[in-house]
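Dear colleague,

Please find below the structure that I am handing over to you, followed by an account of what was found in it. I would be grateful if you would read the two side by side.

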Amino acid sequence: MTVLLEVSGLVRRFGGLVAVNGLSFTVGSSEILGLIGPNGSGKTTALNLLSGALKPDAGDIRLRGRPVAGLSPDRIARLGVARTFQLVRVLPSLDARENVLAGLAFRADPLWGEAADREVSHLLQRVGLGGRGHQRSAELTYIDQKRLELARALALAPKLLLLDEWLAGLNPSELQDGIGLIQSLRREGLSIVLVEHVMDAIRTLCDRCIVMNAGSVLAEGAPDAVLSDPQVVHAYLGDPDA
Amino acid sequence: MKGVPLALVVAAMGALALVPFLGTGYHLALAIGILNNLVLATAWALFSGPTRYVSLATAAFFGIGSYAAAGLGEALPWPVLLAVALVLGAAMALVVGLSTLRLSGIYFVIFTFGLSELIRQLVTWWEVNVSRSVGRYIFLDVTQEGIFWQLFGLAALVFLVGWLIGRSRLGLALRVVGDDELVARHCGINVTGAKLLLFAVSAAFMTLAGAIMAPRWTYLDPSIAFNPVISFQALIMALLGGAGRLWGPLLGVVPLTLLFEVLGANFPNAFSILLGLVFMAIVYAVPNGIAGWFEGAWPRAVRLLPQKAVR
Ligand SMILES: Nc1ncnc2c1ncn2[C@@H]1O[C@H](COP(=O)(O)OP(=O)(O)OP(=O)(O)O)[C@@H](O)[C@H]1O
Ligand SMILES: [Mg+2]
């Protein structure tokens, strides 16, 4: 398995708080890496650093060997990194089709016109929004907005996809669909960093996972091993008598 | 721009085109005022509508165009002068944009206002210390009708360029930026580049309007060419009409140009106060502009029709 993403010694401070503190890991191609940890442990900050939304204070990020730490988010997006947001962010005044088109039109090999229209339909179909293209995205339900956000991310034809609690809030049957969709993405060769609190999804999807606590890596390994690690249980649940 | 909006623009431009043939000199002067405001307000909305950056630099670009005409009008053939004005305006927008478009909302407003004033002071300083006069006389051989048709062509060009941008990737980029700048960046959009490009296009139109209008005043000084009222008027007209649509400002320009004409003629001393009151009334009563109100009212009015027909 070739290494797609290589992160080493990543640090990000907010004032006195060290939100990410010496984070290092790698992601192989077609690998799903779980990034888990209690609230406030720095998962979203880590994704923000990977996608360029935040600049690291220290550390190195390499995408296929190429250093990308500190590049602007649009450069990183054009290099093949797409993301969704923990608090869903659709483009509210645009309709669903235009939301997806936004992902197609500005990537490194942009699509526009008829080819783009076809791809938009295909992507909407794929996330379960077929036929809803002309609905204004602000009017979609929360779940459909999440689907739309994923379609927009996929429109970039990314090599690396960063999902921030994309499965949160889905009902059991939606969750099954969501997991199936993510699996199919991996089969197509996409690498995914999956920030998630839904443990079933972690177990089913992840090849490896990293547990963060207070900005640092607490444990790393196969999901089952990691999730039964007493240290991890302690970080999630606190002291038994607390 | 299709259906009703297109018909609206064509009808308005068609009606204006009749003025030189059917109207009096006074009507022609009014039509020139309308066209000038139409160019300025539409060009303003071209940039400020989608990006939601409120620019008060309209007077700066307009003034530079006017001074280009006043300073070089006799030395250069007119088409060359217009080209020079266009390049000057766009170049200045690029310089200003590079230094300011990273600023957010309120700082941008203040910066653009300060910039206009700074340029006015610089031009005044130059005129007093280098040219050794406060104002300039402009003797260019252009008739009122000549000015009218140039502005008419410029207005048509604003609509054409705006329409083309709206259909282009740049147009989509700006709408995405207007909705959510961070998402835009994560979609691969070079946000600063897109804003910069549009700011330059918008500024070029404003500068051209200034150059074309200059011969109307036989006497030009910095307080005329760089009058901050120009900036506020463009903004207020675009907001009244609706800055989110290409055809929106048109709906604000026509009534307000006429209103300001009446106010200016009857209450010249209270004009600024009245301008402020009109501004407040508009923001309060039609926050989405006439175009927004119209688009909201239209589906309401035809709610009984099948969904498809509405869109
Ligand atoms: N922009 C910011 N400014 C200041 N502090 C921040 C900022 N973003 C995050 N933080 C802080 O950094 C820490 C890590 O936050 P982060 O959002 O990365 O956690 P998380 O692991 O994603 O948590 P959750 O599971 O709740 O989403 C928190 O203490 C948070 O308050
Ligand atoms: Mg988070």
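**An enclosed strand in chain A**

Strand β8 (residues 191-195) of chain A is largely enclosed by the rest of the structure, because five of its five residues are buried. Please bear in mind throughout that this is a predicted model. The burial of β8(A) extends to both of its faces. On one side lie Ser191(A), Val193(A) and Val195(A), and on the other Ile192(A) and Leu194(A), all of them buried.

β8(A) also has strand partners. Strand β3 (residues 32-36) of chain A runs parallel to β8(A) and is joined to it by four bridges; within this pairing, Leu35(A) has Val195(A) as its bridge partner. Strand β7 (residues 160-164) of chain A is likewise parallel to β8(A), with five bridges between them, and here Leu163(A) stands opposite Leu194(A).

**A hairpin in chain A**

An antiparallel pairing is found between strand β9 (residues 208-213) of chain A and strand β10 (residues 216-221) of chain A, over five bridges. Cys209(A) is placed opposite Gly221(A) of β10(A). The two strands form a hairpin with two residues between them, and Ala214(A), which is in the turn, has a positive phi of about 50°.

**The magnesium ion**

Which protein atoms are the donors of the magnesium ion (ligand 2)? They are OG1 of Thr44(A) and OE1 of Gln86(A), at 1.9 to 2.1 Å from the ion. These two residues link distant parts of the chain, being 42 residues apart: Thr44(A) belongs to helix α1 (residues 43-51) of chain A, while Gln86(A) lies in the loop between β6 (81-83) and α3 (96-104) of chain A. Thr44(A) has a relative accessible area of 25% and is therefore partly exposed. Gln86(A), at 33% relative accessibility, is also classed as partly exposed.

**The interface of chains A and B**

Contacts between the chains involve 25 residues of chain A and 18 residues of chain B. The size of an interface is often expressed as the accessible area lost when the parts come together. Between chain A and chain B the buried area is about 2,000 Å², and carbon and sulfur atoms give 64% of it. Of the area that chain A buries against chain B, 29% is supplied by Asp74(A), Phe106(A) and Trp112(A), more than by any other three residues.

The interface also holds two salt bridges. In a salt bridge between Asp180(B) and Arg89(A), the side chains meet at 2.8 Å, N to O.

**Chain B**

An unreviewed UniProt entry annotates several stretches of chain B as "transmembrane region", among them residues 54-72 and 78-98. In the model, residues 54-72 of chain B are 79% helix and 0% strand, with the end C-alpha atoms 31 Å apart. Residues 78-98 of chain B are 100% helix and 0% strand, and their end C-alpha atoms are 30 Å apart.

Is Met13(B) buried or exposed? Met13(B) is buried, because its relative accessible area of 9% falls under the 20% limit. This residue is located in helix α1 (residues 4-22) of chain B. Beyond its neighbours within four places in sequence, Met13(B) is in contact with Leu38(B), Phe152(B), Ala155(B), Ala156(B) and Phe159(B). Between the C-alpha atoms of Met13(B) and Phe47(B), which are 34 residues apart along the chain, the separation is 22 Å.

With kind regards

Key:
Residues numbered from 1 in each chain as written. Chains lettered and ligands numbered in written order. Predicted model: local features only at pLDDT ≥ 70, side-chain atom pairs only at ≥ 80, totals over all residues. Heavy atoms only, no water. Pairing = 2+ DSSP bridges. Donors = N, O, S within 2.8 Å, 3.2 Å for Na, K, Ca; no water. Buried < 20%, exposed > 50% of the residue type's maximum accessible area, 1.4 Å probe, protein only. UniProt positions renumbered as here; feature names shortened; annotations may be inferred. Contact = heavy atoms within 4.5 Å. Buried area = accessible area lost by both parts, 1.4 Å probe. Salt bridge = Lys/Arg side-chain N within 4 Å of Asp/Glu carboxyl O.
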